[in-house]
Amino acid sequence: MADTTKRLQGHHALLTGAGGGIGLAVTAAFLAEGARCTALDIAPAPSAGLQALLAAYPQALAYRSADVTRVAALDALVAAAAAQFGVVDLLFNNAAVFDLAPLLEASESSYDRIFAVNVKGLFFVMQAVLKALVAAGRGGSIINLASQAGRRGEALVAHYCASKAAVISYTQSAALAMAPHGIRVNAISPGVVDTPMWSEVDALFARYEGLAIGEKKRAVGLAVPLGRMGVPQDIAGAAVFLASAESSYITAQTLNVDGGNVMS
Ligand SMILES: NC(=O)c1ccc[n+]([C@@H]2O[C@H](COP(=O)([O-])OP(=O)(O)OC[C@H]3O[C@@H](n4cnc5c(N)ncnc54)[C@H](O)[C@@H]3O)[C@@H](O)[C@H]2O)c1
C-alpha cells in the first residue's frame, strides 16, 4: 500500500542543477518524501552525491545530462522524463552560474553566460514543464531559485543580481498565467549557502576586495542574524513545503530562506 505519510508521494519532480549543493540536497529530500525524481545537470555523468542517491532509490530516481540553455531540446527532455515517471508536476528550477566584477569591467561574455543559464534556461525549462502540465490538465508546483541578490543590487555583482531579479519577476508572471490551471509558481530566495558555488564566490571576492581566501565566507556567515551560513539542507524544508499540498494556497511568492538576512 502507498505510504500516505509521505508528502510528495505520487508526484514526479524535475530538478535542474541537481548535481550541486542545493539541488542535490533537495533531490534527497524529495525522494525521502516519496517523489519520483528526474535529476538534471550539465555534467555528463551524475555527481558522487547523485550516484549515492541512484543506488538508494533505483526505482525512483533517474539522471539526465542536459544544458538548460539548449532550449530546442527541452520539450523532448521533459517528454522523455514523463515517459519514464509520469507527467512532471513538480519543478525545482535551480541551475545557475555566478560571476562578479567591478561595474566598469562587467563584461558582455559574463552577461551572456549568466543570463543564458539563470534567466533564459530557467524560463524555458519552466515553460516546457508548464506546456506539458497544461496539456495534461494537471495541477502542479514550480519552484524557481532566486537569491537575496535579486532583492537589491550589489556594486560588484550587477549581472548576477539582475538575473535573480528577473527570476522573481518571471515567477510572478508565470504564477498569474498558471493560476487558472491550478498550477502554483513560487520562488525560494536563499541568502548565503555553503555550496560549491560559494567557493567560486569567495575566490572572486578575494580577488576584487583584496581578501584572503575564506575571509568573505566567514564574514557573510557572521553577518547572518541566525549567526551562520546556510547549508544546502536548510533549503530542503522550504522546497518540500512549496512542492506539497501544505502550500496549496500560496502562489506568486518569493520566500526568503536566509537566516534573517532579508526582511519582508
Ligand atoms: N549558494 C548560495 O549562497 C546561493 C545563494 C542564493 C541563491 N543561490 C541559488 O541557488 C541555486 C543553487 O546554487 P548552488 O549554490 O547549489 O550552486 P552550485 O554551483 O553548487 O550548483 C549549481 C548546479 O547547476 C549546474 N549547472 C550550471 N549550469 C548549468 C546548465 N547550463 N545546465 C544544467 N545545469 C547547470 C551545475 O553543474 C551545478 O551542479 C542557484 O540558482 C543559485 O543561484 C545560491
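**Exercise 1. The ligand shell**

How many residues surround the ligand, and which are the closest?

*Solution.* The model is predicted, so local features need pLDDT of at least 70, side-chain atom pairs count only at pLDDT 80 or more, and totals for chains, interfaces and linings use all residues. Residues are numbered from 1 along each chain as its sequence is written.

Step 1. Apply the cut-off: a residue is near a molecule or strand if its C-beta atom, placed from the backbone, lies within 6 Å of it. The ligand is surrounded by 28 residues. Gly17, Gly20, Gly21, Ala96 and Thr195 are the closest.

Step 2. Assign elements. Helix 1, helix 4 (108-136) and helix 6 (196-209) each give two or more residues to this shell. Helices (H or I, at least four residues) and strands (E, at least two) are DSSP runs, numbered from the N terminus.

Step 3. Sort by class. Ala, Val, Leu, Ile, Met, Phe, Trp, Tyr, Cys and Pro count as nonpolar, Asp, Glu, Lys and Arg as charged, and the others, Gly among them, as polar. The shell has 15 nonpolar, eleven polar and two charged residues.

**Exercise 2. Two partners of helix 1**

Describe how helix 1 packs with helix 8 and with helix 2.

*Solution.* Step 1. Take the angle and distance. Axes are lines fitted to C-alpha atoms, for helices over the stretch in contact, and angles run from 0 to 180 degrees between N-to-C directions. Helix 1 (residues 21-32) meets helix 8 (residues 233-243) at about 50°, with axes 8 Å apart. With helix 2 (residues 48-56), helix 1 makes an angle of about 10°, and the axes are 10 Å apart.

Step 2. Name the geometry. Angles under 35 degrees are roughly parallel, over 145 roughly antiparallel, 65 to 115 roughly perpendicular, and the rest oblique. Helices 1 and 8 are therefore oblique. Helices 1 and 2 are therefore roughly parallel.

Step 3. List the contacts (C-beta atoms, placed from the backbone, within 7 Å). Leu24, Thr27, Ala28 and Leu31 of helix 1 face Gly49, Leu50 and Leu53 of helix 2. That contact has five nonpolar, two polar and no charged residues. Toward helix 8, helix 1 uses Ile22, Ala25, Val26, Ala29 and Phe30. Their partners in helix 8 are Gln233, Ile235, Ala236, Ala239, Val240 and Ala243. Here the residues are ten nonpolar, one polar and no charged.

**Exercise 3. Helix 6 against helix 7**

Which classes make up the contact of helix 6 with helix 7?

*Solution.* Step 1. Helix 6 and helix 7 (residues 215-223) pack at about 110°, with axes 8 Å apart. They are therefore roughly perpendicular.

Step 2. Helix 6 contributes Trp198, Asp202, Phe205, Ala206 and Glu209. Helix 7 contributes Glu215, Lys216 and Lys217.

Step 3. The count is three nonpolar, no polar and five charged residues.

Notes: Two residues are in contact if their C-beta atoms, placed from the backbone, lie within 7 Å.
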